[in-house]
Amino acid sequence: MARGREFNEGEVLRRAMHTFRARGYGKVSIPELEAATGISSGSLYNSYGDKHGIFLASFTHYLSSVLDRRVQRYAGASKGLSGLRQLFLSLLDEPNGENFGCLITNTAIEFGADNALLAATVQKGFGTLEQLFAERLADKPHPQLAAVRLLALYQGVLVLFRAGYDPKKIRRTINLEFDAMQEETK
């Protein structure tokens, strides 16, 4: 009979997720994951197989604990276009002034389509956002195309913010985009 995990999996994945967000997959070592999670490499390997397995579990945790929570908080179904605007603006207000960026965006930049499993995981994250945007823009002309435009803006915001671009300029750009969409509905 297999032994159960003797650690708080959610907390371990949260810590690993932040480590990958801050440094990227390629720069994170197993000793760094041990230090970040407080779990020995043996326990990490027994639980997740290898570094790739830890990363995939952390990525899945990111989708459910960060992305889904952010969507529910700012852009729930009843919040319409103003909720989407708040979702975008929330990207500029990271907790504790941290700027780790989005694990989806960071992974897409680090790997592109070079790793099929990671590319599929990134596409899942993009798909979640694109579907959300299309649903909120259902009353607009060409909601799927508008959703892709917003996905590109969302990812661009994350890259610019992570790179230290002026947040005031990014905020103005977000507001201009949403002001234009609101004008379309008048």
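Reply: A salt bridge is counted where a side-chain nitrogen of Lys or Arg lies within 4 Å of a carboxyl oxygen of Asp or Glu. Side chains of opposite charge can pair when their charged atoms come close.

The model is a predicted one, in which local features need pLDDT of at least 70 and side-chain atom pairs count only at pLDDT 80 or more, while totals for chains, interfaces and linings use all residues. Residues are numbered from 1 along each chain as its sequence is written, and side-chain values use heavy atoms, with hydrogens and water left out. The mean pLDDT of the protein chain (the predictor's confidence in each residue, from 0 to 100) is 90, and 94% of the residues reach 70 or more. Helices are DSSP runs of H or I with at least four residues, strands are runs of E with at least two, and both are numbered from the N terminus.

The whole structure contains 7 salt bridges. In one of them, Glu-11 pairs with Arg-15, and the closest N and O atoms are 2.8 Å apart. Both residues belong to helix α1 (residues 9-23) and are separated by 4 residues, about one turn of the helix. Accessibility is described here as buried (under 20% relative accessible area), exposed (over 50%) or partly exposed (in between), using a 1.4 Å probe and protein chains only. Glu-11 is partly exposed because its relative accessibility is 26%, and Arg-15 is likewise partly exposed, at 35%.

A second salt bridge joins Arg-85 to Asp-179, again with 2.8 Å between the closest N and O atoms. This pair connects distant parts of the chain, since Arg-85 is in helix α5 (residues 80-90) and Asp-179 in helix α9 (residues 167-184), 94 residues apart. Arg-85 is buried, with a relative accessible area of 11%, whereas Asp-179 is partly exposed at 36%.

In a further salt bridge, Arg-136 and Glu-135 bring their closest N and O atoms to 3.5 Å. Arg-136 counts as buried at 17% relative accessibility, and Glu-135 as partly exposed at 46%. Shared partners also join Glu-11, Arg-14 and Arg-15 into one salt-bridge network.

Turning to the rings, those of Phe, Tyr and Trp (its six-membered ring) pair if their centres lie within 6.5 Å; planes under 30 degrees apart are stacked, over 60 edge-to-face and the rest tilted. The structure holds 9 such aromatic pairs. Phe-20 and Tyr-25 are stacked, with 6.0 Å from centre to centre and 15 degrees between the planes. Phe-20 is buried at 1% relative accessible area, and Tyr-25 is buried at 16%. Tyr-25 also pairs with Phe-55: the centres are 5.2 Å apart and the planes stand at 80 degrees, so this pair is edge-to-face. Because Tyr-25 lies in the loop between α1 and α2 and Phe-55 in helix α4, the pair ties together parts 30 residues apart in sequence. Phe-55 is buried, with a relative accessible area of 1%. Ring pairs link Phe-20, Tyr-25, Phe-55, Phe-59 and Phe-111 into a cluster.
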